[in-house]
Amino acid sequence: MDLAFTQDEEAFRAEARAWLMDRVPRAPLPSLETAEGFAAHRAWEAELAADRWSVVNWPREYGGRDSGLIRWLLFEEEYWAAGAPGRVGQNGISLLAPTLFDQGTEEQRARVLPPMATGEVVWAQAWSEPEAGSDLASLRSRAVRTDGGWLLSGHKTWSSRAAFADRAFGLFRSDPDAPKPHQGLTYLMFDLHAPGVTVRPIGRLDGKPAFAELFLDEVFVPDDDVIGKPGEGWRIAMSTAGNERGLMLRSPGRFLASAERLRQLWRREDSPQHTHDRVADTLIGARAYQLFAYAAASRFLEGESIGPKSSLNKVFWSELDLALHETALDLLDGEGELADTAWSEGYVFSLAGPIYAGTNEIQRDIIAERLLGLPKGRR
Amino acid sequence: MRFLLDAEQLAFAASLNAMLTAADTPSVVRDWSRGDHTSGRALWSRIADAGVFALAVPEEYGGLGPRPVELAVAFVELGRHAVPGPLVETVAAAALFTEPSPAAGRLLPPLASGEAMATLAYEGAYALDADVATTRISLTPDGPRLTPGHGPVRPSLDPARRLFPLAPGGELLTAAPPVEHALTHARLATAAQALGVGIALLDRTVAYVRQRTQFGVPIGSFQAVKHRLADAKIALEFARPLLFGAALTMTPADVAAAKVTACEAAYATARTALQLHGAIGYTAEYDLSLWLAKARALRTAWGGPQECRDLVLSGGDRRW
């Protein structure tokens, strides 16, 4: 058991740090959830990609550095410590790409991954529907067979980034007669600008269009954009949930950097006693999350999957993120009410954490049933 | 970087667990709480034979140490089985001697072998099990002193922890003692013990809610029950890497972070365990009480939550 990095790993860290020192924009970019900010963040993705820093853990042929999980963790620590912008490509990179690596075809990877790495194509997810949230398998949007492909119809919602994104991926019901709800689903990718797609942005709590509703009316999708076999969408969508994705959705580096900034803010405000414990707990929580990820990465490298343990992760980081930002706003006192600060932007973002990517209630059910072995019951 | 216990460390944990399971520790705890140390001393010897105390003692004095990671492994198991006695204090006493000295030569070998049992406390604070400890050390402003005796027992909320004031005076052991070093070891061992206590409480409560039936179904099928246990699991699973990370760095801030987190996780798990067991959990007779009481006591042993958080915040601006 050790926490020592190799010379090569340290050299990689130093190279990343030097590049970021040089290139991270001095002034923060405008909010990612605005048209102007989205464009600025997309340009930043291209700048990262030009020097192969946008997807370091991907194979070189798709724009990465074949870095492996440990270097990815180190890169993320450097990235957030440098105060670099939020990642507009996050949905595609952490949700779709692992599925393509696992279940996609060579042709799909060659076509989809390079423009994802550069930010040229930004992906939104299309999972939830008005009647299918936590009970995702009850979704009703249809994929109907047609010549050379499928026609998608239905209503998707809470589609993050869809207001400005280019393409989307999600599950559609291709066999309405399948005996069980999670059977007969197909995993598809589609163009948000295709005929038949209507995108209606939804203002999140602060009014910014962070997500959207998608209305689909016989949207044609070629067979090439089906991932895996038709009817096996549920298994395909879930198969990567317990692997890297459980680890990579929110990297420890993000919280380590935010916790350190919170400590600095606390000091600047003369170290008030009323937030002493919460600032300490944030620092401890960020360190715990980092070490938990190091252990998970070590296990992953030995061929073990993270499995339902990723539910521990999800609850932990989402609650840590919220507590961290709440503490910052309390520290700022009257200034904490201002909506145009980095802390308030982060706060509004963190409020959604316990809801998306599987609500924390669903995660606690998974922990209780799959890690503790408690009997299934009514939700 | 491989932040996982290796096969040997896992085997060490498994063998301690097997030995302690076979030792029927709950009855040892109850004997110890009554002041009957016979079964506890026998268990102490077996723990020493397994090499636990040697992990804190340098090789030149008959030990294998210092090996904080293995100590943490061992103390998780000791906590899981609610083993009584001045375990933490014995490790901390050994950690007082970082330099060769005549006193180290005299005191350390019997600690490593299990022939001696040490307790230590700050002057004016209570020392654990001072009646049975053969080496009683008072941390005075002049340095650590071997005290000649102790006052009357004071009951602890954990009946297995018997507390005593130490007598004043006695031989001054070293002039410039690494008290900080000893304290860090005490905190690490306490954090590990607390994590083990929390794990035992969670395991026992999960077993209970699976078999306890109300309204015709196991109470463990209710979401209100599941979510409390899920939160306990989260708290314990994130305390574990802090513990082993601290054992690797042994910086005061890292160890303090592990201490406050493990103790709070164990205490929160104790509250959940008590609530989910209902009235039976609130009885002294039921064995759950052995761990419930310890979870409370360990929170304030060797640095309470406030002191630990102070250390974290004063730990310097390093990037973790």
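UniProt positions are given here in the numbering used for this structure, with feature names shortened, and annotations may be inferred rather than shown by experiment. With that in mind, UniProt (unreviewed entry) puts the feature "domain: Acyl-CoA dehydrogenase/oxidase N-terminal" at residues 7-115 of chain B. This is a predicted model, where local features need pLDDT of at least 70, side-chain atom pairs count only at pLDDT 80 or more, and totals for chains, interfaces and linings use all residues. Residues are numbered from 1 along each chain as its sequence is written, while chains are lettered from A and ligands numbered from 1 in the order in which they are written.

**The annotated span**

**Two helices in chain B**
- Helix α2 (residues 25-33) and helix α3 (residues 38-49) of chain B have axes that come within 7 Å and cross at roughly 125°.
- Those axes are lines fitted to C-alpha atoms over the stretch in contact, with angles running from 0 to 180 degrees between N-to-C directions.
- So α2(B) is oblique to α3(B), since angles under 35 degrees count as roughly parallel, over 145 as roughly antiparallel, 65 to 115 as roughly perpendicular and the rest as oblique.
- V28(B), D31(B) and W32(B) of α2(B) meet T38(B), S39(B), G40(B) and L43(B) of α3(B).

**Where the chains touch**
- 37 residues of chain B are in contact with 39 residues of chain A (C-beta atoms, placed from the backbone, within 7 Å).
- On chain B's side, α8(B) gives the most, with 14 residues.

Conventions
Contact = placed C-beta atoms within 7 Å. Helix = DSSP H or I, 4+ residues; strand = E, 2+ residues; numbered from the N terminus.
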